[in-house]
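I opened this notebook to keep track of what I looked up, one entry at a time. Each entry takes up one part of the picture.

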Amino acid sequence: MDILITFTHGEDELAELPLASLAQFVLKNEGKPANTEVSISFVDNATIAELNERFRGIEGPTDVLSFECDNIADDMTAADGPGCPVYELGDIIIAPDVAATQADEYGNSFEQEISLLLVHGLLHLCGYDHIRDDEAEVMEAREKELLTAWSERDMPAIDENR
């Protein structure tokens, strides 16, 4: 899987975070093929506000935007291997300044908030949505499940016999 990360804003705070590894973890858990490609860009508030207004008709900055490339309904499982065409899942745009504000507001660390936004954006590219309440419940549960699994991935197993 190719995870292309661009920093036009916030690189100092973001460069040490395991963004590509988290993205690969999510995509593997969502069953995406090895030839999947995702672009992740970190931008300032003015840039995300312009994109938010242009594509969603909403004024002001938002935290994360997702733009699908190849159709998620395409069956790419047979095209999983060397020499197969790249499956361009899409682009995710994140505003680290909005994430920092939300982290303070919700009592998260900056890394937790960025991780949540990245997972949220990836799940949108994988077909999840939150327009209706029932969809939001499914998406939020999947976010929590993936973030919990991600945070527990390196924890040693507890020996219950000790």
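This is a predicted model: local features need pLDDT of at least 70, side-chain atom pairs count only at pLDDT 80 or more; totals for chains, interfaces and linings use all residues.

**Entry 1: terms and overall layout.** Then I went through the elements of the chain. I found six helices and four strands. Read from the N terminus, their order is β-α-α-β-α-β-β-α-α-α.

Next I looked up burial. The chain has 162 residues, and 38% of them are buried. The chain exposes about 9,400 Å², with 46% of that supplied by carbon and sulfur atoms. Then I checked how far apart contact partners sit in sequence. Among contacts with a separation of 6 or more, 66% join residues 24 or more positions apart.

**Entry 2: the largest pocket.** I looked for open space next. The largest pocket holds about 410 Å³. Which residues lie nearest its centre? They are Asp63, Val64, His120, His124 and His130, out of 18 lining residues.

I then asked which elements build this lining. α3, β3, α4 (96–106) and α5 each put in at least two residues. The largest share belongs to α5, with five residues. I sorted the lining by class too: seven residues are nonpolar, six polar and five charged.

**Entry 3: the second largest pocket.** I moved on to the second largest pocket, with a volume of about 270 Å³. It is lined by 13 residues, and Gln112, Ser115, Leu147, Thr148 and Ser151 are the closest to its centre. Two or more lining residues come from each of α5 and α6 (133–152). Which element gives the most? I found that α6 does, with seven residues. By class, I noted three nonpolar, five polar and five charged residues in this lining.

**Entry 4: the cavity.** Rolling a probe the size of a water molecule over the atoms shows where empty space is left. How many cavities of 30 Å³ or more are there? I counted one. The volume of the largest cavity is about 40 Å³.

Its lining is made up of Leu17, Pro18, Leu19, Leu22, Glu111, Ser115 and Trp150. α2 (19–29) and α5 (110–125) each give at least two residues to the cavity lining. The classes come to five nonpolar, one polar and one charged.

**Entry 5: Ile94.** I went to strand β4 (residues 87–94), where Ile94 lies. Is Ile94 buried or exposed? Its relative accessible area is 0%, so Ile94 is buried. I listed its contacts, leaving out residues up to four places away in sequence. Ile94 touches Ile40, Ser41, Phe42, Val43, Ile48, Asp63, Val64, Ile114, Leu117 and Leu118. Two of these names, Asp63 and Val64, I already had from the centre of the largest pocket. Leu118 is 24 residues from Ile94 along the chain, yet their C-alpha atoms are separated by 7.7 Å.

**Entry 6: Thr62.** I then checked a loop. Thr62 sits between α3 (45–56) and β3 (64–68). Its relative accessible area is 14%, and under 20% counts as buried, so Thr62 is buried. Where does its side chain go? I found a polar contact of 3.4 Å between the side chains of Thr62 and Asp63. Beyond neighbours within four places in sequence, Thr62 is in contact with Ile48, Asn52, Arg56, Ala95 and Val98. Ile48 is also among the residues that Ile94 touches.

**Entry 7: Thr36.** My last stop was strand β2 (residues 36–42), which holds Thr36. Thr36 counts as buried because its relative accessibility is 1%. I looked up what its side chain reaches. The answer is the backbone oxygen of Pro33, at 2.6 Å. Neighbours within four places in sequence aside, I listed Met1, Asp2, Leu27, Tyr87 and Leu89 as contacts of Thr36.

Key: Residues are numbered from 1 along each chain as its sequence is written. Side-chain values use heavy atoms; hydrogens and water are left out. Buried means under 20% relative accessible area, exposed over 50%, partly exposed in between (1.4 Å probe, protein chains only). A polar contact is a pair of N or O atoms within 3.5 Å; within protein, one must be able to donate a hydrogen and the other to accept it, and residues adjacent in sequence count only if both atoms are side-chain atoms. Contact means heavy atoms within 4.5 Å. On a 1 Å grid over the protein atoms alone, a cavity is a set of points where a 1.4 Å probe fits but cannot get out, and a pocket is an open set with protein on both sides within 12 Å along at least five of seven lines; lining residues have an atom within 4 Å of a point. Grid points are joined across faces, edges and corners, and a volume is the space filled by probe spheres set on the points. Ala, Val, Leu, Ile, Met, Phe, Trp, Tyr, Cys and Pro count as nonpolar, Asp, Glu, Lys and Arg as charged, and the others, Gly among them, as polar. Accessible areas come from the Shrake-Rupley method with a 1.4 Å probe; for residues, only the protein chains shown count as cover.
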